[in-house]
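Please keep the sequence and the structure in view while reading.

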Amino acid sequence: MNRKKFIRALFLTGVAGTIAPQILKAKNNKSIKSTYDSLLQQVGFNHLPNKENITMNTVIHKAATRGSANHGWLNSHHTFSFANYHNPERMSFGVLRVLNDDIVQAGMGFGTHPHDNMEIISIPLEGDLEHKDSMGNIAVIQEGDVQVLSAGTGVTHSEYNKNKDKEVKFLQIWIFPKEKNVAPRYDQISIRDIAKNNEFYQVLSPNQDDQGVWINQDAWFHLGKFEKGTSDIYKIKKEGNGVYAFILEGDVEIDGEKLSKRDGMGVWNTDSIQVKAIENARVLLMEVPMSM
C-alpha cells in the first residue's frame, strides 16, 4: 500500500471520528474525504525500530510533551500523533498507534462514527462511559473494567459520559490488527476480581481463553498497583515484541529511568524490564509487536 492510500485508510479508521463533533456527525463520505484531504500533510507513519539493532532500545515520552486538544466537551492528551497533533517522531510504538488520555464533560461524548481494521481498547479511570454500536451492544464501562472493540470489516459506535454531573476519564488505545477484515467483535470485562497488589496482572491477550479480554494481535496488557519501595519484573512474552509502560499514578523507576504520572516509556530488544515504585504508583504495560 502506498503512503497516500495508507494514510487515508488510517484516517478513515477513526481519526475522522475524533477531530471535531461536526466530523462525528458526517453523513457521507464526501465530508470525511474533504477532511482527510485537508489533513493529508499532517498524518504520517513513524519509522519502526531497526531490526538490525540487537541492543536494548528505549524511548521516553514525558507527560508535558504530549499533544493536546481541548474542545470544551473533550480534553484529550495524545502520546502519539493524532488528529491535529502531528509529530513525525511520535507516530506509533510498533503496532501501538494511539494512546489518548481523555476527559469527557458531563453528558457529552463521541457521536456515532466508523472504524475498520483497528483494535480499540478503552480503560476507564474515573466515571461511567456508555457505549453503543452497530452490532447491537449497549453497555456502560467504569473504573475496574476493560473494553475492546475489534473493528474488523467495519463497525460504527458512540461513546458518551453517562453522568450529567461529573466528568469521565478514560484511556483510548488503538492497535493495528494482526489480520485484516475479520468479523467485528465487542468484549468487556471487570478486572476487579483479578487485580493484585505489588505485581502485574494480565488484562488483555491474543488468546480467547486467557485472563482478560482478547484482541486480534500478538499483544499483552498488564496493570500493576504498587506500594512505595516494591517492584516487579515483567518478562516479554513473544520474541520481537517491545513493551510500552504508561504511568497512571505516582513515580516509578524502570531500568534506571525515573518516570512520573502520565509519562510513557517504550523498551524493545530486551527480554524483560523491572518496574520499581519510588512512591505509591499504578502502571499500565502494553506489550506489542514492533513490526507489522
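His131 has Ala139 of strand S8 as its bridge partner. The model is a predicted one. Strand S7, residues 128–133, runs antiparallel to S8, and five bridges join the two. Both strands belong to an open sheet of four strands, in the order S5-S10-S7-S8, with antiparallel pairing. Strands S5 (109–115) and S8 (138–142) stand at the edges with a single partner strand each, so one side of each has no neighbour in the sheet. From one strand to the next, the twist averages 20°.

His113 stands opposite His157 of S10. S5 is mostly covered, with five of its seven residues buried.

## Confidence of the prediction

The average pLDDT of the chain is 85, and 81% of the residues score at least 70. Residues 1–54 have a pLDDT that stays under 50, and for this segment the model has 92 contacts beyond four places in sequence. Where pLDDT is low, the predicted coordinates should not be read in detail.

Glu167 lies in the loop between S10 and strand S11 (168–175). Its relative accessibility is 29%, so Glu167 counts as partly exposed. Leaving out neighbours within four places in sequence, Glu167 is in contact with Ile103, Val104, Gln105, Glu126, Gly127 and Asn161.

Two of these partners can be described further. The side chains of Glu167 and Gln105 are joined by a polar contact of 3.2 Å. Val104 is 63 residues from Glu167 along the chain, yet their C-alpha atoms are separated by 5.7 Å.

Is His61 buried or exposed? His61, found in strand S1 (residues 57–61), has a relative accessibility of 7% and therefore counts as buried. Its side chain makes a polar contact of 2.8 Å with the side chain of Tyr244. Not counting residues up to four places away in sequence, His61 touches Thr79, Phe80, Arg90, Tyr244, Arg262, Asp263 and Gly264.

Lys258 belongs to strand S19, residues 257–259. With a relative accessible area of 52%, Lys258 is exposed. Apart from neighbours within four places in sequence, Lys258 is in contact with Lys62, Val252, Glu253 and Ile278. Between Lys258 and Ala277, 19 residues apart in sequence, the C-alpha to C-alpha distance is 9.6 Å.

## Aromatic rings

Which residues form an aromatic cluster? Phe80, Phe93, Tyr244 and Trp268 make up one such cluster. Among these residues, Phe80 and Tyr244 are also touched by His61.

The structure holds seven aromatic pairs. Phe200 and Phe226 are both buried.

How values were computed. Residues numbered from 1 in each chain as written. Predicted model: local features only at pLDDT ≥ 70, side-chain atom pairs only at ≥ 80, totals over all residues. Heavy atoms only, no water. pLDDT = per-residue confidence, 0-100. Contact = heavy atoms within 4.5 Å. Pairing = 2+ DSSP bridges. Axes fitted to C-alpha atoms, helices over the stretch in contact; angles between N-to-C directions. Buried < 20%, exposed > 50% of the residue type's maximum accessible area, 1.4 Å probe, protein only. Polar contact = N/O pair within 3.5 Å; in protein donor to acceptor, adjacent residues only side chain to side chain. Phe/Tyr/Trp six-rings, centres within 6.5 Å; stacked < 30°, edge-to-face > 60°.
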